[in-house]
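Trainee: Could we go through a model together, slowly, so that I learn how to read its features one by one? I would like the general idea each time, and then the case in hand.

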2 protein chains.
Amino acid sequence: MWSEPELVEQLRRKALVPPSAGIVLGIGDDCAIVRPRGAAEDWLYTTDMMLEGTHFLRTTHTAADAGWKALARGLSDIAAMGGEPRFCLLSLALGPWVDQRWVDGFYRGLLSLANATATALIGGDLAHTDRVLCDIVVAGVVPRGEALRRDRARAGDAIYVSGRLGGSALGLETARGQAWTRHKRPSPRLALGGFLRAAGVRAAMDLSDGLSLDLHRLAAASGLCAEITAPPRFPGATLDHSLHGGEDYELLFTAPPRTPLPAHFEGLPLTRIGTMRRGLAGAVRLDGAPLEPLGYDHLKSL
Amino acid sequence: MWSEPELVEQLRRKALVPPSAGIVLGIGDDCAIVRPRGAAEDWLYTTDMMLEGTHFLRTTHTAADAGWKALARGLSDIAAMGGEPRFCLLSLALGPWVDQRWVDGFYRGLLSLANATATALIGGDLAHTDRVLCDIVVAGVVPRGEALRRDRARAGDAIYVSGRLGGSALGLETARGQAWTRHKRPSPRLALGGFLRAAGVRAAMDLSDGLSLDLHRLAAASGLCAEITAPPRFPGATLDHSLHGGEDYELLFTAPPRTPLPAHFEGLPLTRIGTMRRGLAGAVRLDGAPLEPLGYDHLKSL
């Protein structure tokens, strides 16, 4: 069976894009980019599935946690491209154990984040299945031609991450404290994404599957390799958590080396961790040694 | 547990729509309608889930049938509003029995319809679950302010259906002949939808859950009741198939009584079956007797 990148590459080759469709960027980045005829802005679209047992558990996550997280994952993709969210559509397949209280709670969690980020819920679909599965589509806007893309890094760019990494993986292990809250209620970095776009950042993506895998993807998309040192860690997180742990939903980005970036943005540290270099596309080195992309590949087990 | 209409109504009340978002129509019709700032056209968005065991069976549907149908269901919603498709995003959760050949076939079926309708596949997501589930989002365009909506029928409007109804339900029972092909490979009525919009049709929706339920919904949305006679039947279909059978994906529409409409459009009969009247909103009468909405409510069994 294909791994996810191979399947994505196959689809990218087979999916014809009619020239009239206004598609600026199709399959392969955090969001697709579409330029509606006559519109002042480019539109971003992303879709994310969330599964009971994989992304949340009924025993540890409240219904409101699950609803929050479903939307946060999609909003994080909009943030990664420097966009502002506009609306979402939610498809929800209910498991046999779900009752009305759970459904109420799920939508309460989702709508609390939707309302806080001015994201309108404009549609969706409902069905039954064996365990809860939801799929969210989020649409956002960005000034024409200014979306941050993972294929835009250049050799010599400085590599940065926001925040401290590994908190979500630590929380998943310990189910306690700040790290657990972080795992259950990730904060999409929308304000930061918009700030970075305006500040001259060139390439960005969100850290959903772990730094090692996500940086490998950014480097591969840009045709470059990456040299880094250890990233800042969430209190209590191990080096492994910070390198390979998923679902931090911080931003990974690159900028020309002299771009003036503040050390903090709204209390969140922005830390330079390395440099993009010419070399084997997609290779990542940590303190000079090869770093394997061990993060989460959704189809790896096939 | 809520029935689907109650849940939709709850969500419609709770989902704040920020005034800046350009949302013309949110939850409750075949598609949501969005007006991008500066754009020449309105954009339509719809999302549809398709589940193994509910909407297709691995034993009777080829992978290509399943891929075709996933997209056809979304395109039918675009057709129902008189729109032209532009792009789609597909989330696909794979069951444990799925192999690479099946995935290849699924995308082959989906892309054959996508290419035939100039619908670009621009993104998606992949996951594993217990049985195959996919969720498709289709976006399309329609001239500004001209989308056909189910809440736009007026008292005195003539009620029409396209094609002959009950074929899909018959095919599901017999698994043979033209009816079976129709069930497996529904044809979204895109050209017809555009024609009806230009011809002065006021209200429309697609027949996905059966005439009795879908006409009830159209009448309820328009605050009217409907009086009809039996619709034209697919060869071999019973009256029940034609009244309550789902997944025909024909169009149901209303027009002012003197609107000149042809008897056929591209070989498809357009048949007047009744009249919209003032009265109990949502009530449907067949030859003078109440017709219960027996079609498929996705959450009725909860």
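Predicted model: local features only at pLDDT ≥ 70, side-chain atom pairs only at ≥ 80, totals over all residues.

Mentor: Residues are numbered from 1 along each chain as its sequence is written, and chains are lettered from A and ligands numbered from 1 in the order in which they are written.

Trainee: In what order do the strands of the open sheet in chain A stand?

Mentor: In general, strands of a sheet pair through backbone hydrogen bonds, either parallel or antiparallel. Here helices (H or I, at least four residues) and strands (E, at least two) are DSSP runs numbered from the N terminus, and two strands pair if DSSP finds at least two bridges between them. In chain A, 6 strands make an open sheet in the order S1-S2-S3-S6-S4-S5, and the pairing is mixed. Strand S1 (23-25) and strand S5 (120-128) of chain A are at the edges with a single partner strand each, so one side of each has no neighbour in the sheet. From one strand to the next the twist averages 20 degrees, where axes are lines fitted to C-alpha atoms, for helices over the stretch in contact, and angles run from 0 to 180 degrees between N-to-C directions.

Trainee: Which strands pair with S4(A), and in which sense?

Mentor: Strand S4 (residues 84-94) of chain A pairs with strand S6 (residues 133-143) of chain A in the antiparallel sense, over 9 bridges, whereas S4(A) and S5(A) run parallel and are joined by 8 bridges. On the S6(A) side, Leu89(A) has Val137(A) as its bridge partner and Pro85(A) stands opposite Gly140(A); in S5(A), Leu126(A) stands opposite Leu92(A).

Trainee: Is S4(A) mostly covered or uncovered?

Mentor: We call a residue buried if 20 or more other C-beta atoms lie within 10 Å of its own, exposed if 12 or fewer, and partly exposed in between, with C-beta atoms placed from the backbone. S4(A) is mostly covered, since 11 of its 11 residues are buried. Take Cys88(A), which is found in this strand: with 28 C-beta neighbours inside 10 Å, Cys88(A) counts as buried. The C-alpha atoms of Cys88(A) and Leu121(A) are separated by 5.0 Å, although the two residues are 33 residues apart along the chain. Leaving aside residues up to four places away in sequence, the residues that Cys88(A) touches include Leu71(A), Gly74(A), Leu121(A) and Val137(A); two residues are in contact if their C-beta atoms, placed from the backbone, lie within 7 Å.

Trainee: Which strands does helix H2 of chain A lie across?

Mentor: Helix H2 (residues 63-80) of chain A lies across strand S3 (41-51), S4 and S6 of chain A, and runs at about 30 degrees to S6(A). The 18 residues of helix H2 (residues 63-80) of chain B should span 26 Å, and the end C-alpha atoms are 26 Å apart, which agrees. Gly82(B), which follows H2(B), has a positive phi near 80 degrees.

Trainee: What is the phi of Ala118(A)?

Mentor: Most residues other than glycine have a negative phi, and most peptide bonds are trans. Ala118(A), a residue other than glycine, has a positive phi near 55 degrees, and it lies in the loop between H3 and S5 of chain A. With 17 C-beta neighbours inside 10 Å, Ala118(A) counts as partly exposed.

Trainee: How many residues of chain A are in contact with chain B?

Mentor: 57 residues of chain A are in contact with 57 residues of chain B. On the side of chain A that touches chain B, the elements giving two or more residues include helix H1 (4-14), strand S2 (32-34) and helix H3 (100-116). The residues of that side divide into 34 nonpolar, 12 polar and 11 charged, where Ala, Val, Leu, Ile, Met, Phe, Trp, Tyr, Cys and Pro count as nonpolar, Asp, Glu, Lys and Arg as charged, and the others, Gly among them, as polar. Because 100% of the interface residues of chain A are also interface residues in chain B, the copies meet through the same surface.

Key:
Expected span 1.5 Å × (residues − 1).
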